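Biologist: I would like to learn how to read the features of a structure that is new to me. Please take them in turn, with the general idea before the case.

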Amino acid sequence: QVQLVESGGGLVQAGGSLRLSCVASGRTFSAYAMGWFRQAPGREREFVAAINWSGGSTNYADSVKGRFTISRDNAKNTVYLQMNSLKPEDTAVYFCAKRRPGTTQVMGVMSYDSWGQGTQVTVSS
């Protein structure tokens with residue numbers, strides 16, 4: 001079982017930036033594709049970004065393209081989400097997740113089998 005711990009959330013003004021980190025336990029982190037999701041109050045959890053095992057392939061939700069960047073450092077067992085030009089509608093709890101092996105569907109919640117506890121991001125207008 002992989003343990004995932006997110007950090008880096010906080011309160012920021014619109015237009016500002018934050019970098020989220022997610023540290024994974026275990027020695028096989030480099031074998032996993034990873035993703036970031038978010039969930040705002042009263043809304044379903046939604047896909048934000050994904051990265052393959054090597055970092056050579058990434059995917060983004062249309063709402064964050066050009067503003068957010070996902071990356072990973074396999075030597076540190078860490079995946080990052082750099083968030084720039086933040087908007088109030090980016091306010092949510094952000095979760096990192098490990099993709100289920102063999103799954104090719106990148107954006108679905110059910111494609112991921114381990115989740116962190118989440119970190120709150122609040123963007124004020």
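Modeller: Begin with burial: a residue counts as buried if its relative accessible area is under 20%. F47, at 9%, is therefore buried. Keep in mind that this is a predicted model.

Biologist: Is F37 buried or exposed?

Modeller: F37 is buried, and its relative accessible area is 0%.

Biologist: How are the rings of F37 and F47 placed against each other?

Modeller: Planes over 60 degrees apart count as edge-to-face. The planes of F37 and F47 stand at 80 degrees, so this pair is edge-to-face, with the ring centres 5.7 Å apart. The two residues come from distant parts of the chain: F37 belongs to strand 4 (residues 34-39) and F47 to strand 5 (residues 46-51), ten residues apart.

Biologist: How many aromatic pairs does the structure hold?

Modeller: There are four aromatic pairs. Ring pairs also join F37 and F47 with Y112 and W115 in a cluster.

Biologist: Let us turn to the nonpolar core. Which residues in the largest one touch the most other members?

Modeller: A core of this kind is built from buried residues such as Leu, Met and Trp, joined through side-chain atoms within 4.5 Å. The largest one here has 35 residues, and W36, L81, M83 and Y94 touch the most other members. Strand 3 (18-24), strand 4, strand 5, strand 7 (68-73), strand 8 (78-83), strand 9 (92-99) and strand 11 (119-124) each give two or more residues to this core. Strand 5 has the largest share, with five residues.

Biologist: Take one of those residues. What is M83 in contact with, leaving aside its neighbours within four places in sequence?

Modeller: M83 is in contact with G16, S17, L18, L20, R67, F68, Y94 and V121, once those neighbours are left aside.

Biologist: Next, the disulfide. How many does the structure hold?

Modeller: A disulfide is a covalent bond between the sulfur atoms of two cysteines. The structure holds one. C22 and C96 form it, with their sulfur atoms 1.9 Å apart. The link is right-handed, with 45 degrees about the S-S bond. It joins distant parts of the chain, since C22 is in strand 3 and C96 is in strand 9, 74 residues apart.

Biologist: Are C22 and C96 buried or exposed?

Modeller: C22 is buried, at a relative accessible area of 0%. C96 is buried as well, with a relative accessible area of 0%.

Biologist: What about charged side chains? How many salt bridges does the structure hold?

Modeller: Side chains of opposite charge can pair when their charged atoms come close. The structure holds five salt bridges. One of them is between the side chains of D62 and K65, at 3.2 Å from N to O. D62 is exposed, with a relative accessible area of 65%.

Biologist: Which residue forms a salt bridge with R67?

Modeller: D90 does, and the closest N and O atoms are 2.8 Å apart. R67 is in the loop between strand 6 (58-60) and strand 7, while D90 is in the loop between strand 8 and strand 9; the two are 23 residues apart. R67 counts as buried, at 9% relative accessibility. D90 counts as buried too, at 1% relative accessibility.

Biologist: And where do D113 and K98 lie?

Modeller: D113 and K98 form a salt bridge, their closest N and O atoms being 2.9 Å apart. D113 is in strand 10 (residues 112-115) and K98 in strand 9, so the pair ties together parts that are 15 residues apart in sequence. D113 is partly exposed, with a relative accessible area of 29%, whereas K98 is buried, at 6%. Elsewhere, salt bridges that share partners join R38, E46, R67 and D90 into one network.

Biologist: One last residue. Where is S111?

Modeller: S111 is in the loop between strand 9 and strand 10. S111 counts as buried, at 7% relative accessibility. Not counting residues up to four places away in sequence, S111 touches K98, R99, R100, T103 and Q105.

Conventions. Residues are numbered from 1 along each chain as its sequence is written. This is a predicted model: local features need pLDDT of at least 70, side-chain atom pairs count only at pLDDT 80 or more; totals for chains, interfaces and linings use all residues. Side-chain values use heavy atoms; hydrogens and water are left out. Rings of Phe, Tyr and Trp (its six-membered ring) pair if their centres lie within 6.5 Å; planes under 30 degrees apart count as stacked, over 60 as edge-to-face and the rest as tilted. Helices (H or I, at least four residues) and strands (E, at least two) are DSSP runs, numbered from the N terminus. Buried means under 20% relative accessible area, exposed over 50%, partly exposed in between (1.4 Å probe, protein chains only). Contact means heavy atoms within 4.5 Å. A disulfide is a pair of cysteine sulfur atoms within 2.5 Å. A salt bridge is a side-chain nitrogen of Lys or Arg within 4 Å of a carboxyl oxygen of Asp or Glu.
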